[in-house]
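Good morning, and thank you for coming.

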Amino acid sequence: TIRKAIPDDLGILLDFEQGLINVERPMDPTIQEGEISYYDIGAFIVAEDAVVIVAEFEGKIVASGYARIKDDRHYLKHDKQGYLGFMFVIEEHRGKGLNKLIIEELVKWCRDRAIYEIRLDVYEENIQAIKAYEKAGFKKHMITMRLDAKEQ
């Protein structure tokens, strides 16, 4: 079942957020150690300009994602974008197409609000996620580069 998250889902979604951080931390040397938070998931659940979608299997939440509407740069052809994030599938349910189902629902939510520019960020090392996003129709667009000047 694919559905909108409700406030009662917050506990498991906060666990998912820590799982996502644990997956991404080895790919990003700039993430702080210890418990951190990327998102205000509780606020996204009740916001009008955001939606959190979950996938359930046998009554248990096994995957998540969110979309939020963001203002975009003034020089682009569009004023706003739908930004996707918090894409997480518990390990035993990966590879079953749940991420694609969630993305489809998030894109539909954006389209229903006349938002047609959809973006997300993914670590270059996260090959599995990149393949999943490409299967969902996303194309690589821009590369973010960084330099740690302390190490020079």
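This is a predicted model: local features need pLDDT of at least 70, side-chain atom pairs count only at pLDDT 80 or more; totals for chains, interfaces and linings use all residues.

Let me begin with a term: contact means heavy atoms within 4.5 Å. With that in hand, consider Arg25, which is placed in the loop between α1 and α2. Leaving aside its neighbours within four places in sequence, Arg25 is in contact with Ile31, Gln32, Glu33, Gly34 and Ile36.

Residues are numbered from 1 along each chain as its sequence is written, and side-chain values use heavy atoms, with hydrogens and water left out. Helices (H or I, at least four residues) and strands (E, at least two) are DSSP runs, numbered from the N terminus.

I turn to the strands. Two strands pair if DSSP finds at least two bridges between them. Strand β1, residues 2-4, is joined to β2 by 3 bridges, and the two run antiparallel. Within this pair, Arg3 stands opposite Val54. On to the next pair: β2 and β3 (residues 60-71) also run antiparallel, with 8 bridges between them. Phe57 has Lys60 in β3 as its bridge partner. The hairpin of β2 and β3 has 2 residues between the strands, and there Glu58 takes a positive phi near 50°.

How covered is β2? Of the 8 residues in this strand (residues 50-57), 6 are buried. Buried means under 20% relative accessible area, exposed over 50%, and partly exposed in between, with a 1.4 Å probe and protein chains only.

Most residues other than glycine have a negative phi. Phe86, in strand β4 (residues 80-89), has a positive phi of about 60° although it is not a glycine. Phe86 is buried, at 1% relative accessible area. Ala114 likewise is not a glycine and has a positive phi of about 60°. Ala114 lies in the loop between α3 and β5, and is partly exposed at 49%.

What lies inside? A nonpolar core is a set of buried Ala, Val, Leu, Ile, Met, Phe, Trp, Tyr and Cys residues joined through side-chain atoms within 4.5 Å. The largest one here has 40 residues, and those with the most contacts inside it are Leu13, Val52, Leu84, Phe86 and Leu106. Among the elements that give two or more residues to this core are α1, β2, β4 and α4. The element that gives the most is α3, with 7 residues. Leu84, leaving aside neighbours within four places in sequence, has contacts that include Tyr66, Ile103, Leu106 and Phe138.

Finally, charges. Lys and Arg count as positive and Asp and Glu as negative; His and the chain ends are not counted. A salt bridge is a side-chain nitrogen of Lys or Arg within 4 Å of a carboxyl oxygen of Asp or Glu. How many salt bridges are found in the whole structure? The search finds 7. In one of them, Arg119 pairs with Glu117, the closest N and O atoms being 2.9 Å apart. Arg119 counts as buried, at 18%, whereas Glu117 is partly exposed, at 26%. Salt bridges that share partners also join Arg3, Asp9 and Glu56 into one network. Arg25, with which I began, is buried yet has no salt bridge: Glu33, the nearest side chain of opposite charge, is 4.3 Å away.
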